[in-house]
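Here are a few exercises to work through with the model open on your screen. Try each task yourself before you read the solution.

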Amino acid sequence: MPALVSHPDEVKVVSRRFGMGATDIDKYVELDGYKAVQQAIAKGPEWIITEMKASGLRGRGGAGFPTGMKWSFVPKQSEKPKYVLVNGDESEPGTCKDHVLFLHDPHAVIEGTMIAGLAIGSKLGFIYLRGEYRYLLKIVEKAVADAYAKGFLGKNIFGTGVDFDIITQTGAGAYEVGEESALMESLEGKRGVPRIKPPFPAVVGLYGGPTVINNAETIANAPHILLMGGEAYAKLGSERNGGTRLFGISGHVERPGVYELPMGYNLKRAIYEVAGGIKDGKTLKAVVPGGSSCPVMLPEEIDIGLDFDQMGKAGTMLGSGGIVVLDETVSIVEFALRTIAFYQHESCGWCIPCREGTDWIKKTLTRVYNGGGNKKDVANVQYLAENMLGRTFCPLGDAAAMPTIAFVKKFRKEFEDYIEGNKAGTPIITVEQLVGAH
Amino acid sequence: MSTVANTIFSPETAARFDKLVTIYPLKRSALVPMLLYAQDEIGYISDAVVTEIAQRIDLLELDVHNVLSYYSMLRTKPAGKYNVQVCTNISCMLRGGYEILDHCKHKLGIGHKETTKDGVFSLEEVECIGACCWAPAIQINYDFHDDLTPDKVDVLFQMYRDGQGKDVK
C-alpha cells in the first residue's frame, strides 16, 4: 500500500480526504461529498463553466489547457450523444498521483465526472484506468456501484429528473493510450493509435460525438472548485495557474511521495524542504521536473515557481507533476538511454519520425553507453531528436525528443567525455540487461 | 446463460461477457476488457479465446489479433501462476530497480519473459507501473509491492509459494 506523506507547506484541496476513509460513500457524503453536483444541477451549465473558468484550473495531465475553456468548446446542440472521458491511464514515468487519488478518493472522480457531464449536456461518462491499476479499478467500481445504489447515478439522480451513467474500464498496457485521441481509439476497442486533429474531441470525439477528455486529477478538482468558488480556488495558486496540484516527488530524495502544493510553489523548496533534500546527504545533479518527457533542469535552474508558465519560460514543462530527482552518482548517458529506451518501447509505430527516430536514438546511445561511441554521435542524436519534434500526429514523438535534446545540450561535455573514456557517474544497467528486455 | 453455445469460459465470466457487450454505445468497446478478463481466467489469449471473443463481438479473428498484439499486458503464451513484473523505469532505476530485477532473475533462475519449471512464477521487466514515489516496485499479477529490497522480495516469493500471496483478479 503506497505510504501517505505530509508536509506543513501542503495546501490540501484534492487530497483533503486522503486517509480519511472516503472510499466509503457515507464517509464521503459526511465530508461534503456529492454536495457540489447537487448545486451544479440546481444552478445549471452556465454557472458551472463560469466557476471553472474563474478557477484558473488547467489540465493536470500535462498539457495545462484551461479546463473551463475546454468545457465551453463543446457545442450546445449536437445530433450525436456527448460524452465525458476521464483519463486515468497514468503512464508517464515519474507520475503516480492518480494512483493515490483513485485509492483514497474515488467518489471525487465520480462527482467531477458528473459535473463535467452537466456542464456540457452529456448523460454518459467513462472512467478509464491503466490496465496495471486493476486493484484501483475495483475500488472505483465499488464506488460507482454504491453511487448507483444511493440514486446518485442512473435515472433521475437525486430525484431531480437528470440522468447520468458512468462506465469504468481499464486499458491493457500501453503508454500511448494516455494521449487523448489514442485513448478514444482504445475505448472503441481498437489499437491505441492517435487520430489527426482537427477535428478536436470537443467536436468529434468518442463514437463521433462531442467529448470532453480530462485527466482524473483535473476532474476531481471540479467538486472542490464549485464548493469553494472559482475565485477562491484561483487565489490558492499563481497568476493564470489556479489552485493546487499533486506533485509526485521521486528518485534521490529523503522523503519521496505525493504532496499537494500550491501552483507556483518553489521547485527548490519542494525538493529540499518538502521531500527532505537529497538522499544520504549527496549532491544534486539534475531534476526531471514533470515526468520523463520534460527537459532536464540543472541545479542552478531550480529556483523557480512550479506552474505551467514559469516552467515553460525556463524551457521545460510542468508536465504531469512527477518530479524525478537525480543525485551526483547518476550517469546522464545512462539516464538518457533509459529514457529513450522507454519511448522506443512505447512508440505505437503509427508515425515514422517517432517510430524510426526513437529506435535510431536508442541504438546510437546504446552504442555510446557500451563504449563504442564516436564524436559525431552526440550531434547525431540531437539532430535526430530535433527532426522528430512537431512531426508526429501525437505528442509521443515530442515527449521522446524534448528530454533527449535537453540531455545532450545541457550535458554535452559529459557525453563527449564518456565517449573519450572518462565516464561520470556510476553505471547501473549492464550490457546484458540492455539486450535482455529492450 | 451464455449467449455463446459451448463457451470456453466459466459461467461467471460468460455472464460477465454477456453483460459487457451490452453496456457500451458500440459492442466493440468491450474488446480490451474482455481480452484481459479472458486472460485472467485462461492464463493467456489462446486461439480458442480469440475465436469466442470474435464471435461475441461480431469481429473477424484478425481484428481481435490486431488489437491484442498492441497491448503489452496481453500475452499469447502461458505464463507462470504468478507473473512477477519488475519496473526498471527511471524512478525505480534510481532506487534499485535493476538490483531487484537481478535478484529476481537469480532467485527464480529465469530471465525476462521466462517461466519457472514448476510453473509457479514467471518474470518480466516492465515499463513504469505508476508506483514511482514508492520505488523500487514490482507487481505480482495485479498486486503492487513497493519500497522493496532483495530481502523483502525473498519474503514475498515465499508467501506466494506458500499460497499466502494476495491475488486480485
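**Exercise 1. Find the strands of chain A that H6(A) lies across, and work out how the sheet is built.**

Step 1. Start with the helix: H6(A) lies across E1, E2, E4 and E5 of chain A, and runs at about 145 degrees to E1(A). Helices (H or I, at least four residues) and strands (E, at least two) are DSSP runs here, numbered from the N terminus. Axes are lines fitted to C-alpha atoms, for helices over the stretch in contact, and angles run from 0 to 180 degrees between N-to-C directions. Contact is a matter of distance: the C-beta atoms of two residues, placed from the backbone, lie within 7 Å.

A word on the model before you go on: it is a predicted one, where local features need pLDDT of at least 70 and side-chain atom pairs count only at pLDDT 80 or more, while totals for chains, interfaces and linings use all residues. Residues are numbered from 1 along each chain as its sequence is written, and chains are lettered from A and ligands numbered from 1 in the order in which they are written.

Step 2. In chain A, 5 strands form an open sheet in the order E3-E4-E2-E1-E5, with mixed pairing. E3 and E5 of chain A sit at the edges with a single partner strand each, so one side of each has no neighbour in the sheet. From one strand to the next, the twist averages 25 degrees.

Step 3. Check the pairs, where pairing takes at least two bridges found by DSSP.

- E1 (residues 83–88) and E5(A) run parallel, joined by 5 bridges; Val84(A) has Val212(A) as its bridge partner.
- E1(A) and E2(A) run parallel with 6 bridges, and Asn87(A) stands opposite Tyr128(A).
- E2 (residues 124–129) of chain A and E4(A) also run parallel, over 6 bridges; here Phe126(A) faces Ile167(A).
- E3 (residues 154–157) of chain A pairs with E4(A) in the antiparallel sense over 2 bridges, with Gly154(A) opposite Phe164(A).

Step 4. Look at the turn between E3(A) and E4(A). These two strands make a hairpin with 4 residues between them, and Phe158(A) in the turn has a positive phi of about 55 degrees.

**Exercise 2. Which residues join H2(A) to H6(A)?**

Step 1. Get the geometry. Helix H2 (residues 35–43) and helix H6 (residues 106–120) of chain A pack at about 10 degrees, with their axes 9 Å apart. Angles under 35 degrees count as roughly parallel, over 145 as roughly antiparallel, 65 to 115 as roughly perpendicular and the rest as oblique, so H2(A) and H6(A) are roughly parallel.

Step 2. List the residues: H2(A) gives Ala36(A), Val37(A), Ala40(A) and Ile41(A), and H6(A) gives Glu111(A), Met114(A), Ile115(A) and Leu118(A).

Step 3. Sort by class. Ala, Val, Leu, Ile, Met, Phe, Trp, Tyr, Cys and Pro count as nonpolar, Asp, Glu, Lys and Arg as charged, and the others, Gly among them, as polar. That gives 7 nonpolar, no polar and 1 charged residues.

**Exercise 3. How many residues does each chain bring to the A–B contact?**

Step 1. Chain A supplies 56 residues and chain B 42 residues.

Step 2. On the chain A side, H13(A) gives the largest share, 6 residues. By class, that side divides into 23 nonpolar, 23 polar and 10 charged residues.

Step 3. Turn to chain B, which has 7 helices and 5 strands. Of its 169 residues, 46% count as buried.

Methods. A residue is buried if 20 or more other C-beta atoms lie within 10 Å of its own, exposed if 12 or fewer, and partly exposed in between; C-beta atoms are placed from the backbone.
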